[in-house]
Amino acid sequence: MAKESSFKSMVITLSVICLVCSALLGVVYSVTKAPIEAAELAKINNAIKAVVPECDNNPSEEVFEVDGSVVYPAKMNGTIVGYAIKVKASGFGGPIQMMVGFNADGTIYNTSVISHSETPGLGAQISDEIPTRTQIVGKNPASSKLSVTKDGGEIDAITASTITSRAFLKGVDAAYKVFVELQKQQ
Amino acid sequence: MGKLKLISEGIIKNNPTFVLILGMCPTLGTTTSAINGMGMGLATLFVLVLSNMSISAIAKLIPEEVRIPSYIVVIAAFVTILQLLLQAFIPSLYETLGIFIPLIVVNCIVLGRAEAYANKNSVIDSAFDGLGVGLGFTIALTILGLVRELLGSGSLFGWKFIQGEGMLAFVLAPGAFIVLAYLIVLFRKVTANKA
């Protein structure tokens, strides 16, 4: 079945196979590049839309950075109505990428979890509309203690997933720090 | 050998999960729900059919001593194509399967079929062999996911019909081992007389 191996034939075979495969991959990459970017943008846009009040601009076009965090401003008739701030927190199974939305006065409008690798059935509930997430809506981190009840705060953790809940609230806190920094700069 | 026989062999006699016990990493890792198991199975099926066909086509040209690296490059190319296509067109599935997509490259089922079947048989037969084994894998993973989802979260294909939390252990790793073991016993009992 297989050909006799010699140094020359081995080098030639492997080179040809690699060349053909990489050419093929190049073609597929260039074809899928635009749809992949569109899918990622759609995901970010959906996350932004979920966490800021109604706006008439496109926040992902006016994106800027504060302290290394990405901030998407939401505007209505040119005035700022809120910010979506993208932050990363370290959860139980890996990083949790999330978007935290603030009203212009600093109260939390909503949150959205973009990606996570938490335990299915436990910490993974963080991507659903659970009390841990809905409880913080409308609160201002400056006046409310946004940490889990176990740590003396006022937020109920997800049952059996305190680490995930803590990570989530830490992410909210990090986003609020960015928001405060943002207010100082203006 | 008849084409149908090739397919049924892959599903029953050579079932990768229940008989050969190959590819356990994705089997245990992705079957937290029926839909995830099915997605993983179909992804592997796609790679298996294409890699089996191309390896069977080029097997005669490859020198004996570099055949494994050659097969791996071919398999890796198809897996990357699959990964890009999923990312572009079914991003939700791409996210749930995550790291397990690139890991199809080192799935022993794919290399195993290349080495044990595709490099000795015709392109058409290899395609059907890949289809059979891939379907066997898909069916096994779907059933495994179905049972785990039912016991663990009280739903089927995402449709929740039992209120409450379910038995969490079945969604986590230990449940995967327990359900798999029972399914293997059941499968061997049912197929014992036919083999």
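**Exercise 1.** In this predicted model, find which residues touch the most other members of the largest nonpolar core, and work out which element supplies the largest share of that core.

*Solution.* Start with the core itself, which has 48 residues, and note that Val47(B), Val74(B), Phe78(B), Leu82(B) and Ile101(B) are those that touch the most other members. Next, list the elements that each supply at least two residues of this core, which are α1 of chain A together with α3 (34–58), α4 (67–89), α5 (91–97), α6 (108–116), α7 (123–153) and α8 (173–191) of chain B. The largest share, 10 residues, comes from α3(B). Finally, take Phe78(B) and leave aside its neighbours within four places in sequence, and its contacts are Val47(B), Leu50(B) and Ser51(B). Another core, of 35 residues, lies apart from the largest one and includes Val51(A) and Ile126(A).

**Exercise 2.** Describe how many residues of chain A and chain B are in contact, and which helix gives the largest share of the side of chain A that touches chain B.

*Solution.* Counting on each side, 26 residues of chain A are in contact with 31 residues of chain B. On the side of chain A, helix α1 (residues 7–51) gives the largest share, with 16 residues. Sorted by class, that side of chain A has 16 nonpolar, seven polar and three charged residues.

**Exercise 3.** Decide whether the radius of gyration of chain B agrees with that of a compact globule.

*Solution.* For 195 residues a compact globule would have a radius of gyration near 16 Å, and because chain B has 17 Å, the two agree. As a further step, consider burial, for which 46% of the 195 residues of chain B count as buried.

Note on methods:
Residues numbered from 1 in each chain as written. Chains lettered and ligands numbered in written order. Predicted model: local features only at pLDDT ≥ 70, side-chain atom pairs only at ≥ 80, totals over all residues. Contact = placed C-beta atoms within 7 Å. Helix = DSSP H or I, 4+ residues; strand = E, 2+ residues; numbered from the N terminus. Nonpolar A, V, L, I, M, F, W, Y, C, P; charged D, E, K, R; others polar. Core = buried A, V, L, I, M, F, W, Y, C linked by C-beta atoms within 7 Å. Buried ≥ 20, exposed ≤ 12 C-beta atoms within 10 Å, placed from the backbone. Rg over C-alpha atoms; globule rule 2.2 N^0.38 Å.
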